[in-house]
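Dear colleague,

I am handing over the structure that we spoke about, and below it you will find my notes on what was found. Please read them with the model open beside you.

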Amino acid sequence: MILCTAKKEVSEVIAQKKAQGLTIGLVPTMGALHVGHQSLVEAISPQCDFLCLWVFVNPTQFNDRIDYERYPRRLQEDKEFAKTLGVDLLFAPSEEEIYPAGIQNYDSSQSVRVRSGERADGYEGERRPGHFDGVVHVCASFFNILQPDIVVFGEKDYQQVQVIEQLLADLHFPISLLRVPIARETSGLAYSSRNLLLDDPLAASCIYQAMLSVKENVSKGRRDSKELCEEACQNIEARGYRIDYFDIVDAETLKPLEEVNVPAQLLVAVFAENNVRLIDNLRLN
Ligand code: AMP
């Protein structure tokens, strides 16, 4: 596996591979790799000849400094793990590589910035102002550096995939998007780097159990979103967790649904122990 930290280095490798006619696949991550990331690698591997994985804790997508600072960073372990997964190139740049004008200038009008569209409104976009702007900006930057033919995103971040789809379309990136379903622990808890911050990850499976109960009730014919969600939230709150949102939305537009009568997605964000914020989602019908 090739390890690159500099843009120049990585561009040379990619140019070489492209000249050989290889298809470049890309897995974007913030590191602390886990089984969820592995599922992305496994899904994209058969569709590309040269697989790149980026590890970059992108400061501009964090609106909370503490969340950014305590985000797990495990580059050494990530290198080992990426190697065992058959990754060909791991790109782990510094902040200066990606934001040459400095992070402090990103927020000023001096810098050119990519801005997310309407799909970023609500939910994560509303709770974390600027989050999706940071995501699309960094993705556009990395797409330009790594020139992938295909990129993979997990449905764990459901709204993010919708936003990335729009980024690719609106800015004419010649890149196909592969979406991968959520990988879950045996308990049902969605794999996440933030699970490392939990003392009792097993307890957090109450989130998935509550989500499943909504799905079951929908399959029994219940349709009233507010009732369905309120009931389910009680079981999560009983654990001492705090609900950020727990909402049934149109799976395509992400607009809230009063009645579950079109393809519907349950979107969830919960503050678990230690104020760790976990997100999850589930297709209901
Ligand atoms: P992150 O490192 O958390 O930014 O995630 C990088 C990519 O991995 C994103 O596309 C996520 O949606 C995806 N991902 C993270 N956790 C999971 C999971 N449990 N199942 C599927 N994809 C995931």
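Does Arg-194 count as buried or exposed? At 15% relative accessibility, Arg-194 counts as buried, where buried means under 20% relative accessible area, exposed means over 50%, and partly exposed covers what lies in between, with a 1.4 Å probe and protein chains only.

Before the details, a word on where the values come from. This is a predicted model, in which local features need pLDDT of at least 70 and side-chain atom pairs count only at pLDDT 80 or more, while totals for chains, interfaces and linings use all residues. Residues are numbered from 1 along each chain as its sequence is written, and side-chain values use heavy atoms, with hydrogens and water left out.

The overall picture

The chain has 11 helices and nine strands, which are DSSP runs numbered from the N terminus (H or I of at least four residues for helices, E of at least two for strands). Its radius of gyration is 19 Å, close to the 19 Å that the globule rule gives for 285 residues, so the chain is as compact as a globular protein of that length; the radius is taken over C-alpha atoms, and the rule is 2.2 Å times the number of residues to the power 0.38. Along its principal axes, the C-alpha trace spans about 55 × 40 × 35 Å. Of the 285 residues, 53% count as buried. Among contacts (heavy atoms within 4.5 Å) with a separation of 6 or more, 70% come from residues 24 or more positions apart.

The salt bridges

Side chains of opposite charge can pair when their charged atoms come close. Taking a salt bridge as a side-chain nitrogen of Lys or Arg within 4 Å of a carboxyl oxygen of Asp or Glu, the count comes to 18.

One of these joins Asp-67 to Arg-194, with the closest N and O atoms 2.8 Å apart. Asp-67 lies in helix α3 (residues 65-70) and Arg-194 in the loop between β6 (176-180) and α10 (205-219), so this pair ties together parts that are 127 residues apart in sequence.

Arg-277, which is buried with a relative accessible area of 16%, takes part in a salt bridge with Glu-124, the closest N and O atoms being 2.8 Å apart. Since Glu-124 belongs to helix α7 (residues 123-127) and Arg-277 to strand β9 (residues 277-283), the pair ties together parts that are 153 residues apart in sequence. Glu-124 is itself buried, at 5% relative accessibility.

Arg-277 also meets Asp-244 in a salt bridge (2.9 Å, N to O). Here Asp-244 lies in strand β7 (residues 242-250) and Arg-277 in strand β9, so parts that are 33 residues apart in sequence are tied together. Asp-244 counts as partly exposed, at 21% relative accessibility. The residues named so far belong to a network of salt bridges that links Asp-67, Glu-124, Glu-126, Arg-127, Arg-128, Arg-194, Asp-244 and Arg-277.

One further residue

Asn-217 is found in helix α10 and counts as buried at 15% relative accessibility. Leaving aside residues up to four places away in sequence, Asn-217 touches Arg-222, Leu-228 and Glu-231.
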